[in-house]
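Okay, thanks everyone, I'll keep this short. Have a look at the model on the screen, and then I'll walk you through it.

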Amino acid sequence: MRRFGGVLEAGVLLAVVVGLLWLVGAMNPLPRPGVNTDRLGPDNGEVVSDYLDMARGTLRGVDDGNPRWALVSFDSPLSPQRLVAVADGERIARVLLRVPMDRVQSQVIDIGVAGSEQSVLGAESLAASRLGMSAGQWDRQSQIDAASAARLGSGCDCVVGAVLRATPSALLSIENTEGVRAVEALPADAISGRFAVRVLLPEFVSVVGPLPDDGPVPPPR
């Protein structure tokens with residue numbers, strides 16, 4: 001009987017401990033991870049004309065005056081200086097760069113910037129430094145990165161997109177700027193760093209998808 005009583009007491013104690021742990025958990029729930037569902041840019045396989053129509057729709061009928069995040073895509077790559085001019089004083093948060101090479105699939109480099117003109121003009125140098133960290137130059141991707149880093153380091157028209165924060169009216173003005181292909185805006189409550197970005201490359205003409213990658217890689221210059 002004494003042994004049974006000890007087992008019973010242990011069982012009661014365990015139940016009490018479990019109950020206390022449940023109570024502490026109920027009173028202090030773990031924070032739920034944020035849901036990252038916002039996205040800018042086209043889907044893989046999306047028809048380009050459909051994306052352009054959708055992007056235009058994100059600015060139509062919106063006149064609340066609240067600033068929002070937007071992706072600006074271009075007809076052809078721009079210089080950082082031209083990007084500053086297109087933004088016309090609006091805040092630039094991210095610069096998307098890609099060195100154009102004939103039938104060579106070079107990387108898109110996403111550089112976060114402080115929004116000042118100096119930070120935007122320095123985005124190419126930062127992108128070159130990032131690509132220059134590729135180890136070796138034996139495989140094709142390393143050769144592409146080395147060629148891209150050289151072009152970016154010497155300055156080039158390699159800006160293929162940018163993420164801006166501006167009011168709908170300012171974004172509409174940017175949309176009507178020469179050389180701008182599309183402006184897609186998120187709702188005003190979208191949070192910085194909580195949305196994905198995929199740029200509409202100038203090479204995407206009919207459908208968004210993989211680009212040719214069978215051409216010779218130019219030497220770094």
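Let's start at E175, which sits in helix α7, residues 168–175; helices here are DSSP runs of H or I with at least four residues, strands are runs of E with at least two, and both are numbered from the N terminus. Before I go on, the ground rules: this is a predicted model, where local features need pLDDT of at least 70, side-chain atom pairs count only at pLDDT 80 or more, and totals for chains, interfaces and linings use all residues. Residues are numbered from 1 along each chain as its sequence is written, and side-chain values use heavy atoms, with hydrogens and water left out.

So, is E175 buried or exposed? E175 has 12% relative accessibility, so it counts as buried; the cut-offs are under 20% relative accessible area for buried, over 50% for exposed, and partly exposed in between, with a 1.4 Å probe and protein chains only. And what does E175 touch? Leaving aside residues up to four places away in sequence, that's R56, L59, R60, V180 and V183, with contact meaning heavy atoms within 4.5 Å.

V180 takes us to the sheet. In β6, V180 is the bridge partner of F74. Strand β2, residues 68–78, pairs with β6 in the antiparallel sense over five bridges; to count as paired, two strands need at least two DSSP bridges between them.

Zooming out, five strands make an open, antiparallel sheet, ordered β4-β3-β5-β2-β6. β4 (109–112) and β6 (180–185) are at the edges with a single partner strand each, so one side of each has no neighbour in the sheet. On average, neighbouring strands are turned by 20° against each other, direction ignored. Helix α2, residues 48–57, packs on this sheet and touches β2 and β6, with its direction at about 55° to that of β6. For those angles, axes are lines fitted to C-alpha atoms, for helices over the stretch in contact, and angles run from 0 to 180 degrees between N-to-C directions.

Now the whole chain: seven helices and seven strands, with 38% of the 221 residues buried. Of the contacts with a separation of 6 or more, 78% are between residues 24 or more positions apart.

That's my tour, happy to take questions.
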